[in-house]
Structure formats: C-alpha cells, structure tokens
Amino acid sequence: MGTVPTDPPLDCDLCPRLVAFREEMNAQHPDWFNAPVPSFTSTDPRLLIVGLAPGMRGANCTGRPFTGDYAGDLLYETMLDFGFATGHYDARPDDGLQLRDAMITNAVRCLPPQNKPTGAEIKACRPFLLSTLDDNPSIRAVLALGRIAHETFLSAMELRRASFAFGHGARHELGVRNLVMFDSYHCSRYNTNTGRLTTEMFRSVFSDIREFLPEA
Ligand code: SF4
C-alpha cells in the first residue's frame, strides 16, 4: 500500500464544503453515518464498480456504498443474480450480504449537496481512488455508473474524455493498468422511473461483464 490509504479517515477535512455539509447532516441526523464512506469489497476483486458519491439516505446514512436507497436495490439484486454477491440484501450494512469478485466505491467519498461535487472535490478525493486501484491489482473491469463517474474515472487515469465517449452498454479498452471500462446509466430511481434505464438494460451490462469475467 502507498502512503495514501485506500479509504480516507472518517474525519478527512480536505474538502471544506463537504465537511460543513457533513456537520450539518450530523446535526440533523446524528444517527446517520455522515462520514467518508469506505469501499465495500471481497478479497481480490476483478470488478470495480464506481459511483460518483454517496446518496444522502443511502450510503451517507448507512455507511456502506449503495445501501439503503433505490439505487442499491437494483444494483445488489443484479449483482446477486450475476454471482457478484452472495447472501441476502436487506438495505442494512449488517444484512450479511457479501461481495464476490467485486468492489464498490465512490469517486467522491463524502455526500455532496445536490449530489454534485465540484471539480476540486473530485480531485481532492482522487488519491484514495488511485490508492484503491494500487492496492487491488486484481481489478480488470470497471463499471462506471453514470456519465460523471465515467468522466471522473477517466480523469483519474489521466485519459482524454474525447477518446472514450460515454454510452450505456459501451465497453472501453483503457490501455492503462490492463483495465476495461463498461458504462451504464446510473441505477437511480429517477433513471428507472423515466425509463432511461430499464432492469433489462442494466442486466445487459452485467451480462457483458460476466462474459468478460467468467466465473472461476
Ligand atoms: S470528499 Fe474525499 S477528499 Fe473530500 S473530505 Fe471527503 S473523503 Fe476527504
């Protein structure tokens, strides 16, 4: 492991706006997690799923990525179906669900107001993402959930966005770290309610990933 930890300290103060928002959340909801959310992983994951940032009532509340909000319902159900998780998802960090061959993280580990981190905040949190990759050389596939996660990951890899256009179902040979990136529309309630992302469309991306990473 490098000098930067894979998960930021719970009192990380690199982003003043997000620290202030965390404190505000803590005052309103002292029983919530309200801190940088650590990655959720199995040992030696080959798949890294990257979201943009914790959801307010999801990861920010429960402390586990995508746990507690609608996006997690669809994500974990699909991961269970495709063998990237085992057990039972019950929207609680103590539900016993375990990942298989997979890790889930967010490019920005703290809850941003309106789900919109600034460029400076994305940059400040980048060393933790890079350290996570350094520490997990088994990762071969990256699933970017949404265009901003896609762009953020490309920037972290110092790759040109213009060379890798975002598209639902797209697959990109990144040419760095032996990584292949898959894109999906974000599995948010908004996207599924509006029909932008159907369950079948989401499953289709996982089907491609499973083909790329056959079960051992
Ligand atoms: S977003 Fe990342 S860098 Fe910024 S305060 Fe939170 S953990 Fe630290």
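**Entry 1: helix H7**

I began with the length of helix H7 (residues 199–212): its 14 residues should span 20 Å at 1.5 Å a residue, and its end C-alpha atoms are 20 Å apart, which agrees. The expected span is 1.5 Å times one less than the number of residues. Helices (H or I, at least four residues) and strands (E, at least two) are DSSP runs, numbered from the N terminus.

I noted that the model is a predicted one, in which local features need pLDDT of at least 70 and side-chain atom pairs count only at pLDDT 80 or more, while totals for chains, interfaces and linings use all residues. Residues are numbered from 1 along each chain as its sequence is written.

I then listed the buried residues of H7, namely Phe202, Val205, Phe206 and Ile209. Seen down the axis of H7, these residues fall within an arc of 95 degrees, so they line one face of the helix; the arc is that of the directions from the helix axis to the C-beta atoms. A residue is buried if 20 or more other C-beta atoms lie within 10 Å of its own, exposed if 12 or fewer, and partly exposed in between, with C-beta atoms placed from the backbone. On the face turned away from the buried side I found the exposed residues Glu200 and Glu211. The buried residues of H7 pack against E2, helix H3 (70–81), strand E6 (141–145) and strand E8 (180–184). Contact here requires C-beta atoms, placed from the backbone, within 7 Å.

**Entry 2: strand E5**

I looked up strand E5 (residues 102–106) and found 5 of its 5 residues buried, so the strand is largely enclosed by the rest of the structure. Ala102, Ile104 and Asn106 cover one side, and Met103 and Thr105 the other. Strand E1 (residues 40–41) pairs with E5 in the antiparallel sense over 2 bridges, and Phe40 stands opposite Ile104. Strand E2 (residues 47–51) runs parallel to E5, joined by 5 bridges, with Leu47 opposite Ala102. Two strands pair if DSSP finds at least two bridges between them.

**Entry 3: Leu174**

I located Leu174 in the loop between strand E7 (171–173) and E8. Leu174 counts as partly exposed because it has 16 C-beta neighbours inside 10 Å. Its C-alpha atom is separated by 8.1 Å from that of Leu159, 15 residues apart along the chain. Not counting residues up to four places away in sequence, Leu174 touches Met157, Leu159, Leu179, Val180 and Met181.

Note on methods
Two residues are in contact if their C-beta atoms, placed from the backbone, lie within 7 Å.
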